[in-house]
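User: I'm new to this one and would like to know where its labels come from. Can you walk me through them?

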Amino acid sequence: MSFLFSANKASKTFKPVKNIEKGTRQHTLQEKMIKTLGSGNLQLAVKLPEGEDQNEWIAVNTVDFFNQLNMLYGTLTEFCTRETCPTMSAGPKYEYHWADGVRVKKPIKCCAPEYIDFMMTWVQEQLDSEAVFPSRMGVPFPKNFLQITKTILKRLFRVYAHIYHAHFEKVCQLEEERHLNTSFKHFTFFVHEFDLIDKKELAPMAELIEMNLGKDKPAAAPK
């Protein structure tokens, strides 16, 4: 479970939480990450600890963002339906179609909950794969690890964007806006630190991202 949500009153998740096995190198890194997050300095928390492997660090943080978003979206599943969200969008200008290149090779148009279900299932499969996210000491990451991780984070970003554009009012009613804003700010710092998402992909949230990176003040919903 993500440190940022350890005190969250909501315990519902969309998909099962991904736990990192104790005794692994990634678990040690996770403990370092939690300790740094505890300081409240998110910019410091995303930086690669001295002497650590960058792929390991990116892997641990990717798992954490999956868990954070899993919990955030889990509070909204009854409000994000085929009827309320007939397309997977982030405002009127941005619509996303699903394809994973294996089961679905040609992008298909689908409602938001269906897209998010497809996407989170796909991410979970990547995180559970020892060939992609090795947990054992001495097992190397695949050559395309960074490419896969960039795709994961790009798709997770789309869920953040959908939540802000379609469900922020409900998030506020549920008193979860602090968790959402903190989680997205953490995500923003991380992908910016390691240049993991193309700027054009971040366009639906450009105003809030600029605020997060430029000024340390409470985030608001995009207009």
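User: Why does Arg-158 count as buried?

Analyst: Buried means under 20% relative accessible area, exposed means over 50%, and partly exposed is in between (1.4 Å probe, protein chains only). Arg-158 has 11% relative accessibility, so the label is buried. One thing to keep in mind is that this is a predicted model, where local features need pLDDT of at least 70 and side-chain atom pairs count only at pLDDT 80 or more, while totals for chains, interfaces and linings use all residues. Residues are numbered from 1 along each chain as its sequence is written, and side-chain values use heavy atoms, with hydrogens and water left out.

User: What makes the meeting of Arg-158 and Glu-201 a salt bridge?

Analyst: The term asks for a side-chain nitrogen of Lys or Arg within 4 Å of a carboxyl oxygen of Asp or Glu. For Arg-158 and Glu-201, the N to O distance is 3.5 Å, so by that definition the pair gets the name. As background, side chains of opposite charge can pair when their charged atoms come close.

User: Where do Arg-158 and Glu-201 sit in the chain?

Analyst: Arg-158 is in helix α5 and Glu-201 is in the loop between α6 and α7, 43 residues apart, so this pair links distant parts of the chain. Helices here are DSSP runs of H or I with at least four residues, strands are runs of E with at least two, and both are numbered from the N terminus. The protein has seven helices and zero strands.

User: What makes Asp-100, Arg-103 and Glu-125 one network?

Analyst: Shared partners. Asp-100 and Arg-103 meet in a salt bridge at 4.0 Å, N to O, and Arg-103 also meets Glu-125 in one at 2.9 Å. Salt bridges that share partners join the three residues into one network. The structure holds five salt bridges.

User: How do you know how α5 compares with its expected span?

Analyst: The expected span of a helix is 1.5 Å times one less than its number of residues. α5 has 29 residues, giving an expected 42 Å, and it reaches 39 Å from its first C-alpha to its last, which is close.

User: Where does α5 bend, and by how much?

Analyst: The bend is about 85° at His-167. That figure is the angle between axes fitted to the seven residues ending there and the seven starting there.

User: Why are Glu-175 and Asp-195 called exposed?

Analyst: Glu-175 is at 56% relative accessibility, so Glu-175 counts as exposed. Asp-195 is at 57%, so Asp-195 gets that label too.

User: Why does Asp-128 count as partly exposed?

Analyst: Asp-128 has 47% relative accessibility, so the label is partly exposed. Asp-128 lies in helix α4 (residues 112–128).
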